[in-house]
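We will go from stop to stop, selecting as we go.

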Amino acid sequence: MEFVQKFVGDLGATIAAGGVVLGDRLGLYRGLTAGPSSPEELAERTGTAPRYVEEWLRGQAAGGYVTYDPASGRYSLTEEQAFALTDPDGPVFAPGAFQLALGALRAQQRIEAAFRSGEGLGWHQHDEDVFAGCERFFRPGYSANLVTAWLPALDGVEEKLRGGVRVADVGCGHGASTALMAAAYPASVFTGSDLHADSVDQARKRVADAGLDSRARFEVAGAQSFTGGPYELVTTFDALHDMGDPLGAARHVRSQLAADGTWMIVEPAAGDSVEANLNPVGRVYYSFSAFLCVPNALSQEGGYSLGAQAGEEPIRRLATDAGFTRFRRAAETPFNIVYEVRP
């Protein structure tokens, strides 16, 4: 019965994922920030149908994502719920994670076929919500930590960035990390690269809209082929474990790095053994990895498929095999570990 209860909880969470994404896209969570509301009031405020909103609110309250007051029949958000559900630019944004998960699950049949054949499924073959959700899932963590904690934790790097250097952001996706760095360090010049052309187009648009296009540019290129070095800083954010040839990427990074440069590797938080990752964060990353990371790596040449929970030692070994001589864990959060790698 304990296991049945676990199953019921997981089933509720699975179907509720769609409700979280709806709440974000329809503005229902943001509508609740106006104060305690009846279904009719929230529907009026958001231009939605009251009966649908009523059922949505009940399910959200049952899951603990909104708060229900039986005395008034109204629904509201606690400070913590609003913090995690209404601000896409804040340090935590749950709807982005659910958007990524739903997008990944749309490849269910193709992933099933890949399990049988052993073939890969490229990043570009996934649903659009994978690309948008990935940015919305990871960007809050970058916004909260990249400039304030991660870059300052690297030896001498922040001083270089303030003085003006050239930086390569490899596997940049929609360019969230590139834009954050470009905004914080106006004297430096940033080049983002990614194999996915549509993501590069989005990155260009984002920095142009933010007025950062004079110091942030983008190219369609893989981690084994990006150009423009030598760079004082090369970064890879949650990307190395997705590559079919991460060793080739590490060697190319070294060839593009200045003699006193730094490679900052940001990877999912993970221990070095299966048992060390048998926890809620490990469950999330292993599950995403089976649908996204491992299939993407297996779709490429190289023969690697590290997976999202590779842990520190495989990353250290890649850096050492590529000719780097210094490797250390510089910073970490519950979701990410930051490694500093030097020639």
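Which side chains meet in a salt bridge at 2.8 Å, N to O? Select Glu 55 and Arg 51: their side chains form that bridge. A salt bridge here is a side-chain nitrogen of Lys or Arg within 4 Å of a carboxyl oxygen of Asp or Glu.

Before moving on, note that this is a predicted model, where local features need pLDDT of at least 70, side-chain atom pairs count only at pLDDT 80 or more, and totals for chains, interfaces and linings use all residues. Residues are numbered from 1 along each chain as its sequence is written, and side-chain values use heavy atoms, with hydrogens and water left out.

**Helical salt bridges**

Stay on helix α4 (residues 50–63): Glu 55 and Arg 51 are four residues apart there, so about one helical turn separates them. Helices (H or I, at least four residues) and strands (E, at least two) are DSSP runs, numbered from the N terminus. Glu 55 is partly exposed, at 44% relative accessible area. The classes are buried (under 20%), exposed (over 50%) and partly exposed (in between), with a 1.4 Å probe and protein chains only.

Next, select Glu 112 and Arg 116. Their closest N and O atoms are 3.4 Å apart in a salt bridge. Both lie in helix α7 (residues 108–117), four residues apart. Arg 116 is exposed at 70%, while Glu 112 is partly exposed at 39%.

The search of the whole structure finds 26 salt bridges. Some join up: Glu 312, Glu 313, Arg 316, Arg 329 and Glu 332 are linked in a network.

Select Asp 194, in strand β4 (residues 189–194). Asp 194 is buried yet has no salt bridge. The nearest side chain of opposite charge (Lys and Arg count as positive, Asp and Glu as negative; His and the chain ends are not counted) is Arg 204, 11 Å away. Look instead at the backbone nitrogen of Cys 172, which lies 3.4 Å from a polar side-chain atom of Asp 194.

**The aromatic cluster**

Select Phe 137, Phe 138, Tyr 142, Trp 150, Phe 237 and Phe 288, which form one aromatic cluster. Rings of Phe, Tyr and Trp (its six-membered ring) pair if their centres lie within 6.5 Å; planes under 30 degrees apart are stacked, over 60 edge-to-face, the rest tilted. Phe 137 and Phe 288 are both buried. They form a tilted pair: 6.0 Å centre to centre, 35° between the planes. Phe 137 is in helix α8 (residues 128–150) and Phe 288 in helix α13 (residues 280–298), 151 residues apart.

Terms used: Polar contact = N/O pair within 3.5 Å; in protein donor to acceptor, adjacent residues only side chain to side chain.
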